[in-house]
Amino acid sequence: MELLFILNKLILWLYICICYLYSNHISTPWFVFASLVYLCINMSIYIFKKASLKKGVVFLSIALILLSSFHIYSFFILLLPINLYELSANHVHNKWAIFTLLLFPIVFIPNNLHPVYFLTACFNFMSVAMAERYTFRIANLEDKLDTMRRDLQRLTKSLNEYHEYIKQSQYTLQLEERNRLAQEIHDQIGHSMTGALIQMEAAKRLMDIDHNKAKEFLQNAIHISKEGIENIRITLKHIKPRAEQMGINRVKLFIEEFSAQHNIQIPFVCKGNLEVISPIQWKIIYENITEALTNAMKYAEATVISIEIHVLNTLIKIEVKDNGKGAEKVTKGLGIIGMEERAASVNGTVIVDGTNGFSVTTLLPVNQ
Amino acid sequence: MNILEIKNVTKKFGDFIAVDNMSLTVAEGEIFGFLGTNGAGKSTTINMIAGLLRANAGEIKILGKNISKHSHFAKKNIGIVPQDIAIYEDLTAYENVKFFAGLYGLRGSQLHERVEEALKFVGLSDKHKSYPKGFSGGMKRRLNIACAIAHRPKLIIMDEPTVGIDPQSRNYILNSVKKLNEMGCTIIYTSHYMEEVEEICSRIAIIDHGKIIAEGTKEQLKAIITNTKDVWIEIKPMETIDLNKIQSISGVKAVQMEENLIKVSSDISVNNLNTIIQCLINDKVEIRSLKEQSPNLETVFLTLTGRSLRDH
């Protein structure tokens, strides 16, 4: 921006010099003096950091311009608009107000200078205003880039954390399972085995003395062993928690909490065989549902948000649909992009539709 | 060989994403269907293949050559039947076809032969001196097809060619699509009439909001929803039948009986209706009515998107 101001001034100054050379110059030393002072003052504007000092220097420059234009060479007045612009740009935000301000001095200057002054003012105004607009846009884009970069970092970080988390939870799960198995083995199998062993020992001793008694003990041992085996089977069946129970409970819990917190109706329907959904898919489902619900809460002004998990033959469909105002044109924010990326990580897709309320449908393939 | 390859193509109109990171291949000799609602991105995709629109990202190849680098080659191998009829009302049918074929560089007697051949193919040879002004919608459409095929393209793209025409012309067009395919052309066919797509297409992509949400043969698409089909057989009341016999027929998964209604669920890929009926007849069971329920493409679309194909 500053460079542009300097350039503008330089062009005008050169123009004035040329005009002066072709006119019948009367007081050259004074002209040179005024020019040099003008250049000095205007270069020094950009040296100061403090806004008030800058303003003071600009005032000085304006005073010099007025003085020299009345006493030395009238064309100096052409340098006025750009200084005026500098002065007003920070205070007046309406572009057209600035423009009128730039044109205002035209009242006080001689008639023959009107067209040139008008053109200069227009030139200054246009170049600076345009540049301002572009700098604004660039700043905006840079801002966006920054946010995106931050988001990217955050996402990569959370991705890493997730990997870590998955590993960690896998390990914990294994430990838990091992503990539980050990406990069960100790409680059930150990108990039965010891019982059976005692009975068999007794049978062995009695074998020669009391045949019938020995038979009875053996029969007991068989009973105990049988029971033990049955127990083992039952235990093993109960030990394994089913993936779909964990996944669906997590989703249900979240929905209930969300519904209570925001006082909104969230009917939730599941269809088909939920057992085929893998833990990683449950994670995606959970995250996409939370994201879609939050979005619906933020933008939709809906009263009902319905959620459906439908397991088809080769696809799992998860739909979050609200009865809110929808959107004619859907612009993808980071939220939707995130859902798409998550789905894409297991070869799924996300369809977003805003024509009738707003719906987000996640389609994930069933792992065969 | 793949006649068409679309790789990660995206097309935006301002903020609106019409085609979203689409990838697709069409092999030579296929009739490939694009199925989707209006505004799903079918025509945008086709316009990009035809070179009328430029993709914002991604790559499109015709016969292995990038269309933006070899646009001449691509255009020579594509024939397009656009959604809105594009013929000149002030030229005769013959002149229309001749004009379009001439654009592809055909000249002289070859041009004349090809034009006659194309007109004959669409059944308009007797009308070749008439002006399209007096033609019905179906005839105009057929003339438009003739314009697109006179230069013998390898790939013919038809964008909703049956919209707004009478059933007779529609059948004629569907048959000619099949005939063109038998003659060795690959055809891309878009429609939101699922019956048409189901009837003629060998492979289908369901498109919604600029994305391909499912792709495959009809059977594969239907198998997304379920792999069973149900047959309801109503028999004379009070009959006794042996359900185990039906159960043992190949492909049958489950048999249920409620009063005089038998429900047979079987594998969708097995055609066992004849055997089931035969089995009942052998047992001298009187069949009163029979109803089969299996998913069609409409149900597939409805289940996947929650919207009907012809809502909009």
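These legends go with a set of close-up views of a predicted model.

**View 1. Chain A at a glance.** Chain A has 10 helices and five strands. Of its 368 residues, 23% count as buried. Take the contacts in chain A with a separation of 6 or more: 64% of them link residues 24 or more positions apart.

View 2. Helix H1(A) covers residues 2–22, which is 21 residues. From first C-alpha to last, H1(A) reaches 31 Å, close to the 30 Å expected at 1.5 Å a residue. Which residues of H1(A) are buried? They are Phe5(A), Asn8(A), Lys9(A), Leu12(A) and Ile16(A). These residues cover an arc of only 90 degrees around the axis, so they end up on the same side of H1(A). Here is the general idea behind that: an α-helix has 3.6 residues a turn, so residues three or four places apart point the same way. What do the buried residues of H1(A) pack against? Look for helix H2 (28–45), helix H4 (80–88) and helix H6 (114–206) of chain A. Now check the face turned away from the buried side, where the exposed residues include Leu3(A), Leu7(A), Leu10(A) and Tyr22(A).

**View 3. Where chain A meets chain B.** The contact takes 16 residues from chain A and 15 residues from chain B. On the chain A side, the elements that give two or more residues are strand S3 (315–322), strand S4 (349–353) and strand S5 (358–365). That side of chain A divides into five nonpolar, six polar and five charged residues.

**View 4. A four-stranded open sheet in chain B.** Follow the strands in the order S2-S1-S4-S5, with antiparallel pairing. Which strands sit at the edges? Strand S2 (16–27) and strand S5 (65–66) of chain B do, and each pairs on one side only. Further in, strand S1 (residues 2–13) and strand S4 (residues 57–62) of chain B pair in the antiparallel sense over five bridges. To find your place in that pair, look for Glu5(B), which stands opposite Lys61(B) in S4(B).

**View 5. Zooming in on Thr25 of chain B.** Thr25(B) is found in strand S2 of chain B. Ile6(B) is 19 residues from Thr25(B) along the chain, yet their C-alpha atoms are separated by 6.1 Å.

**View 6. A six-stranded open sheet in chain B.** This sheet has the order S6-S7-S8-S3-S9-S10, and the pairing is mixed. Strand S6 (78–81) and strand S10 (211–216) of chain B stand at the edges with a single partner strand each, so one side of each has no neighbour in the sheet. From one strand to the next, the twist averages 15 degrees. Strand S3 (residues 31–35) and strand S9 (residues 203–208) of chain B pair in the parallel sense over four bridges, and here Phe32(B) stands opposite Arg203(B). Helix H1 (residues 42–49) of chain B packs on the sheet, touching S3, S7, S8 and S9 of chain B. The direction of H1(B) makes about 150 degrees with that of S7(B). Helix H5 (residues 137–149) of chain B packs on the sheet too, touching S6 and S7 of chain B, and its direction makes about 165 degrees with that of S6(B).

**View 7. Strand S6 of chain B, covered on both faces.** Ile78(B) and Ile80(B) lie on one side of S6(B), Gly79(B) and Val81(B) on the other, and all are buried. S6(B) pairs with S7(B) in the parallel sense over four bridges. Val81(B) stands opposite Met158(B) in S7(B).

**View 8. A hairpin and its neighbour in chain B.** S12(B) and S13(B) form a hairpin with two residues between them. In the turn, Glu259(B) has a positive phi of about 50 degrees. Strand S12 (residues 252–258) of chain B and S13(B) pair in the antiparallel sense over six bridges, with Leu261(B) as the bridge partner of Glu258(B). Seven bridges also join S13 (residues 261–267) to strand S11 (residues 228–235) of chain B, again antiparallel. There, Lys229(B) stands opposite Ser266(B) in S13(B).

Conventions
Residues are numbered from 1 along each chain as its sequence is written. Chains are lettered from A and ligands numbered from 1 in the order in which they are written. This is a predicted model: local features need pLDDT of at least 70, side-chain atom pairs count only at pLDDT 80 or more; totals for chains, interfaces and linings use all residues. Two residues are in contact if their C-beta atoms, placed from the backbone, lie within 7 Å. Ala, Val, Leu, Ile, Met, Phe, Trp, Tyr, Cys and Pro count as nonpolar, Asp, Glu, Lys and Arg as charged, and the others, Gly among them, as polar. Two strands pair if DSSP finds at least two bridges between them. Axes are lines fitted to C-alpha atoms, for helices over the stretch in contact, and angles run from 0 to 180 degrees between N-to-C directions. A residue is buried if 20 or more other C-beta atoms lie within 10 Å of its own, exposed if 12 or fewer, and partly exposed in between; C-beta atoms are placed from the backbone. The expected span of a helix is 1.5 Å times one less than its number of residues. The arc is that of the directions from the helix axis to the C-beta atoms.
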